[in-house]
Amino acid sequence: MASLKDTKRRIQSVRNTQKITHAMKLVSAAKFSRANQAVLAARPYGIAFDRIVGRMAAGVENLEGIELLRFTEQPKKILAALISTDRGLCGSLNTNIFKAAVRYTRENTDQGCEVHFAALGKRAAQFCRKVGFKTILEREKVLERPNYNSAKAISDELVAVFTSGQYDSVVLIFPEFKSVMTQNPRVKQLLPVVTPEISDDEHETLNFIIEPNARSVLESMLRKYVINTLFRALLEGGASEHGARMTAMDSATKNAKEYIRKLTLQYNRARQAAITKELIEIVSGAEAV
Amino acid sequence: MNDSMNTEMNIELVSPAKSLAKVKATKLSVPGRDGYIGILPGHAALVTELGLGELTVEGPSIQPTHFLVNGGYLEVVNDQVIVLLDAAETKAEIDLPRAEKALQRASERLTSKDPSVDVVRAQFALARAHARIKFAK
């Protein structure tokens, strides 16, 4: 049995860890609420943009030759943009994303398709290096306050390798934010652009005047659509990161509390045993006299 | 159609990062790619790209609202107007000294004979700075 002093030292050490995890939880909670706000604030634009792009795509008669819609029946090369956090201590968030990436890669290599990666996040880069996935692009700190311009910069690079024909398709693998407790890894096709579906009754309102002309407006819209899709994935990734960290740190704090309780019990038992032992010694010593 | 003269349009201004305004108004003026476009109630269905300039929303129930916008789209359907803005600034958000510096820098770059200057980019920067200064004053 551990000595009294040892037990006491361990209690103190667990207590210190608990202080840290608790503080991290509070920090994450604050960051999470900001990130969540950002996700919510971006929603109206996303919804409105989806609708307009859907209508426009349905309204343009000949979609052929539009670069960002170039569809390949059997893609030979796919670029997967893997969004991860930069730091750990966020539960199984990254692990789940990486599992999804491995699964996606296996499925596609089985069909004779090569998958390369764009690592968006330090952990993603480390992971790709470890398992030997080829990366053509590595970025850090993408989830730290994602903004439209940083999304645009990344998006421009992804669009460039697609339009140059280097890749037949570009997909995003990112943690979709459901709630603080759940973040699901999601694979979403970025390029060629999947134009949003529109409902049937909207087809009737398609008689638009379009300035300067439908095709050129659609082309420029699609570019922004790609940026916005990436931007929203980054926002969701950010919210997921802080949400996951908050949950992880909360359960760590709880575990520490439970552990302290157990150690304290052990400590008190040991203390009691020591006192009893001393008493017996005194009593038996007195009897001897 | 007579009715529509009295009614107001529902106008929604959104940027990627946030929703800027959701108002009922009677007049909207936006910078199109080739000049300003005015939208009144009863306007035909329209989709257009926006350029650089000042967006104004007016109506009896609201304070006139102004934004400096740079790129985006406008959609009008049955008096439902959605304006998707790439970037929007209010007067208060504009940093005038910074814009003036940007103007100076851009014009210096344009007048210099350095072949490494990206002329198109400098011209855009110049136009942006001009618009900012004009809008802020």
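Reader: How far apart are the centres of domain 1 of chain A and domain 2 of chain A, and what makes these stretches domains?

Author: In this predicted model, 47 Å separate the two centres, taken over C-alpha atoms. Domain 1 of chain A covers 4–25 + 249–282, and domain 2 covers 26–247. These bounds come from an automatic or database domain assignment. Because the model is predicted, local features need pLDDT of at least 70 and side-chain atom pairs count only at pLDDT 80 or more, while totals for chains, interfaces and linings use all residues. Residues are numbered from 1 along each chain as its sequence is written, and chains are lettered from A and ligands numbered from 1 in the order in which they are written.

Reader: How many residues does the contact take from domain 1 of chain A and from domain 2 of chain A, and what makes two residues a contact?

Author: Two residues are in contact if their C-beta atoms, placed from the backbone, lie within 7 Å. The contact takes seven residues from domain 1 of chain A and eight from domain 2 of chain A. On the domain 1 side, helix 1 (4–59) and helix 6 (214–288) of chain A each supply at least two residues, and helix 1 of chain A gives the most, with four. Helices (H or I, at least four residues) and strands (E, at least two) are DSSP runs, numbered from the N terminus.

Reader: How do the residues on that side of domain 1 of chain A divide by class, and what makes a residue nonpolar, polar or charged?

Author: Ala, Val, Leu, Ile, Met, Phe, Trp, Tyr, Cys and Pro count as nonpolar, Asp, Glu, Lys and Arg as charged, and the others, Gly among them, as polar. By these classes, the side of domain 1 of chain A that touches domain 2 of chain A has three nonpolar, two polar and two charged residues.

Reader: Why are helix 1 of chain A and helix 6 of chain A called roughly antiparallel?

Author: Helix 1 and helix 6 of chain A pack at an angle of about 160°, with their axes 5 Å apart. Axes are lines fitted to C-alpha atoms, for helices over the stretch in contact, and angles run from 0 to 180 degrees between N-to-C directions. Angles under 35 degrees count as roughly parallel, over 145 as roughly antiparallel, 65 to 115 as roughly perpendicular and the rest as oblique. Helix 1 and helix 6 of chain A are therefore roughly antiparallel to each other. The residues of this contact divide into 31 nonpolar, 16 polar and eleven charged.

Reader: What is the handedness of the crossing of helix 1 of chain A and helix 6 of chain A?

Author: The crossing is left-handed. That term applies if the near helix is turned anticlockwise from the far one by less than a right angle, and right-handed applies if clockwise.

Reader: What makes up the contact of chain A with chain B?

Author: The contact takes 21 residues from chain A and 20 from chain B. Helix 1 of chain A provides the largest share of the chain A side, eight residues. That side divides into 16 nonpolar, four polar and one charged. Strand 6 (209–211) of chain A also gives two or more residues.

Reader: In what sense do strand 6 of chain A and strand 5 of chain B pair?

Author: Strand 6 of chain A and strand 5 (residues 46–59) of chain B pair in the parallel sense over three bridges. Glu211(A) stands opposite Thr48(B) in strand 5 of chain B.

Reader: What do strand 3 of chain B and strand 4 of chain B form?

Author: Strand 3 and strand 4 of chain B form a hairpin with two residues between them. Five bridges join strand 3 of chain B to strand 4 (residues 35–39) of chain B, and the strands run antiparallel. The bridge partner of Val30(B) in strand 4 of chain B is Ile37(B). Strand 3 (residues 27–32) of chain B also pairs with strand 5 of chain B, in the antiparallel sense over four bridges.

Technical notes. Two strands pair if DSSP finds at least two bridges between them.
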